[in-house]
Amino acid sequence: RPSPVSVYAATMASLTQSVVNVESTGGGGGGGGSGSTTTIPTTTTAAREGERQTQHAMLTILSVALEHSSPTAIKSKVRETVDVLVKVGRENREHSGALRAVIKCIGFALRATAKTNGKEELEKMFGKGGRGEEEEEEEEEEEEEKNGLGQAFSALCHFCVDSRPKVRKSAHEAVQEVLSATKGTRAGKTIFQKTFGAFARQKLKAPGEAAEKAANMKGAKGAKKEKDTAIATATEALHVLGTLKGALASVEEPTASKIVDATIEMTSLGEPLLETQATETLLALSVSPNPGCDDKTFLKILEPAARLAREASQTQPTKCVTLARLITNVTVQMYRKDAEEARKVLPFTFENLLKLLNAPHEGVAIETCEAMKTLIRETVDSEMVREGVKYVATLRVQQKMNKKNGSLKPPPMIGVAKSIESALGMRYRAAWPFTIPVATQCFQRLGVAGGALLTGSLAAL
């Protein structure tokens, strides 16, 4: 039974020879010699179709071999492999089946660059400085790059917005594969993530710019043209958001923060479909077990999510439930990244969740209370309890001594306790069946300190 590496080597040799044969015949372009002008093009076309089918079969075998070969073996020949695949893809760009196979193979080949060690090896493989070093690089500058690996990955990104659904799907999977495999590596951070980040931001910003131009355009003809452009850019943005759902968690800082900023901007365009997809993209990031962004990036999501949740609480229950989950997951992710910073935003989080309890749809109240219980379970720790007990004790001493306590700033635990107390008030009486379990969860979490910190909740109960 042949090994994957031997199959990879043999298939690449055959595919390379096939590319040489096609180039020697002028790419099936009809030939320039003498003879019948009716039979030569037909023969050439038939031969080219046979060659294409053969290449498609070889690409299918190659994709399996690349998937199971060791990255070290692929890395030694990755530039040659990708160069050949790019040529095959260029010849088959109008043929969806073969093109999808090429995209898959390039994705498997590029992930082998995760084994690149050191700056010198990286420069040898990608060229000095790599691809995508400057944020301001535009598409035409990308085309001038001499490095084949950078161009190949850039092509994968652009196929993510292809008009053919199956090609888009293959490109989505390939991009996600490369970003996931190279996460935490020098090649991933300096090459692939920056390339993908620049592409994603360009596509996500385009709908807003196009909509602004369409609004300012005078004349029916010009307005229609700008409107068509706005629709096209919005469609591409939707495709990019689809890619981001699976890829954004593999992008590290500072690129991740910039992509999140562009995604948040999508929620303020007034386009329901774009807003929904952007929200779902951020939700996918928030549930990732190991996202590449830091706590500051997650913090950026909280305020827009809270605003959207308030706006949707009365008329869009499904959207409101999604946003309640997003707010909760983002806060939990912040706690995992930096517990101290997460504690500071807990009162804000509980306060905004509290405002959703008056939603006319019972499902919103149920999900909101589940979110509160999750936050209590995941983020209320011994440090918060200690600070809360110390604050209450200090407050009581000052009251006995008739001292003013204006300079005493309440810690986060007090803000959480006040939100739970408010949830048990008459204003939210319709949600009592769901808020009482939240208070129970908090009492269980606080233990003996619950009596001192939740006196208002005890009185409300």
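Guide: Start with exposure: buried means under 20% relative accessible area, exposed over 50%, and partly exposed in between (1.4 Å probe, protein chains only). Lys355, with a relative accessible area of 40%, is partly exposed. This is a predicted model, in which local features need pLDDT of at least 70 and side-chain atom pairs count only at pLDDT 80 or more, while totals for chains, interfaces and linings use all residues. Residues are numbered from 1 along each chain as its sequence is written, and side-chain values use heavy atoms, with hydrogens and water left out.

Visitor: Which residue does Lys355 meet in a salt bridge?

Guide: A salt bridge is a side-chain nitrogen of Lys or Arg within 4 Å of a carboxyl oxygen of Asp or Glu. Lys355 pairs with Glu351, at 4.0 Å from N to O. Glu351 is partly exposed, at 41% relative accessibility.

Visitor: How many salt bridges does the structure hold?

Guide: There are 13. One of them joins the side chains of Arg307 and Glu311, with an N to O distance of 3.7 Å.

Visitor: Where do Arg307 and Glu311 lie?

Guide: Helices (H or I, at least four residues) and strands (E, at least two) are DSSP runs, numbered from the N terminus. Arg307 and Glu311 are in helix α14 (residues 295-312), and because they are four residues apart, about one helical turn separates them. Arg307 is partly exposed at 26%, whereas Glu311 is exposed at 51%.

Visitor: What about Lys344 and Glu341?

Guide: Their side chains form a salt bridge of 3.2 Å, N to O. Both residues belong to helix α16 (residues 339-354), three residues apart, about one turn of the helix. Lys344 is exposed, with 52% relative accessibility, and Glu341 is partly exposed, with 28%.
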